[in-house]
Amino acid sequence: MTAPPSFREKLHSFLDPSDGAGPAERAFNALLVTLILLTIAVTIAGTVPEVQREYGRAIRLFDYLCALVFGLEYLGRLYVTPLRPGADGSARSYLRYATSPLPLIDLLVLISLMVPATTALASLRGLRLLKLLSLLKLGRYSDSLQLIGRVIRQRAGELLSTVLIVLVLVFIAASLLYQVESSAGTKGFESIPQALWWAVVTLTTTGYGDVYPATPLGKAAAGLIMLFGVGMVALPAGMIASGFAEELSRLRQQETVAACCPHCGKALE
């Protein structure tokens, strides 16, 4: 005879259902998503001085309410750590889970919700803006955001290589334009750190126009750098688009297999 599931097992199934979310799980997730969105809206509105003066007390009460709900969820997820894959119930398992990205975001959001905007803690007011990190919590409840996360993890190596190439090009562009323009006294190219601003703006194809080369040689070099910038913007976009296509194809294949043979579909997941 199978023993009934313990409270910890029931809680783990509720927070991270492996057999699909039931009505209770969907309602709880909807509540959390609603609170997250409201937290962001209230945080943004709270930066308006008139709103803060008139509704400051209500905003603090709402922060404490959200902290209570998010805190209970955080403690619940921490409590079921021994049931997670690879966990053994040791202190190291709890620490490893607590220092993983999403739990760290949860903890930072909790801290920011609890920090009052008092004179004594004025130096910590900036910490309250960490409530905006609660947007990242949506990744736990949104399939679309989870898809984006999987694609970025799959392409992390290629994206990192692209970032390194861009950084090298930025420093080369800044150094080159500094050598050409500094002798002519062109504003914005008096040193390599100052020229870095022009290089970043140019290679990202933003082009503010506040700093630009004045000499013919500098303009010719800038033209070549701009062409490289177009390619640098398109390269990571192409990688991510390719990753999305592959991931969507894999998901469709899983759905097709699951429709024909449910047991095989679960095995593929």
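A contact, in this tour, means heavy atoms within 4.5 Å.

**The whole chain**

Begin with the entire protein in view; the model is predicted. Among contacts between residues at least 6 apart in sequence, 63% join residues at least 24 apart. Of its 269 residues, 31% count as buried.

**Helix α2**

Next, select residues 23-45, which form helix α2. How far apart are the end C-alpha atoms of α2? They are 33 Å apart, and this agrees with the 33 Å that 23 residues should span at 1.5 Å a residue.

Now colour the buried residues of α2: Glu25, Leu32, Leu35, Ile36, Thr39, Ile40, Val42 and Thr43. While looking at them, recall that an α-helix has 3.6 residues a turn, so residues three or four places apart point the same way. To see what covers the buried residues of α2, display the elements around them, including α1 (7-15), α3 and α5 (101-114).

**Where α3 meets α4**

Two packed helices are described by the angle between their axes and the distance between the axes. Select residues 49-79 for helix α3 and residues 91-98 for helix α4. Their axes come within 10 Å and cross at roughly 140 degrees. That angle makes α3 oblique to α4, because only angles over 145 degrees count as roughly antiparallel. The crossing of α3 past α4 is right-handed.

Show the side chains at this meeting point. From α3, the contact is made by Tyr74, Arg77, Leu78 and Tyr79; from α4, Tyr94, Tyr97 and Ala98 take part. By class, the residues of this contact divide into six nonpolar, no polar and one charged.

**Helix α8**

Move on to residues 156-181, helix α8. At 1.5 Å a residue, the 26 residues of α8 should span 38 Å; the end C-alpha atoms of α8 are 37 Å apart, which agrees. The buried residues of α8 are Leu159, Thr162, Val170, Ala173, Ala174, Leu177, Val180 and Glu181.

**Leu160**

Finally, select Leu160, which also lies in α8. Is Leu160 buried or exposed? Leu160 has a relative accessible area of 53%, and it is therefore exposed, since the cut-off for that class is over 50%.

Leu160 and Pro236 stand 76 residues apart in sequence, while their C-alpha atoms are 9.6 Å apart in space.

How values were computed
Residues are numbered from 1 along each chain as its sequence is written. This is a predicted model: local features need pLDDT of at least 70, side-chain atom pairs count only at pLDDT 80 or more; totals for chains, interfaces and linings use all residues. Side-chain values use heavy atoms; hydrogens and water are left out. Axes are lines fitted to C-alpha atoms, for helices over the stretch in contact, and angles run from 0 to 180 degrees between N-to-C directions. Helices (H or I, at least four residues) and strands (E, at least two) are DSSP runs, numbered from the N terminus. Angles under 35 degrees count as roughly parallel, over 145 as roughly antiparallel, 65 to 115 as roughly perpendicular and the rest as oblique. A crossing is left-handed if the near helix is turned anticlockwise from the far one by less than a right angle, and right-handed if clockwise. Ala, Val, Leu, Ile, Met, Phe, Trp, Tyr, Cys and Pro count as nonpolar, Asp, Glu, Lys and Arg as charged, and the others, Gly among them, as polar. Buried means under 20% relative accessible area, exposed over 50%, partly exposed in between (1.4 Å probe, protein chains only). The expected span of a helix is 1.5 Å times one less than its number of residues.
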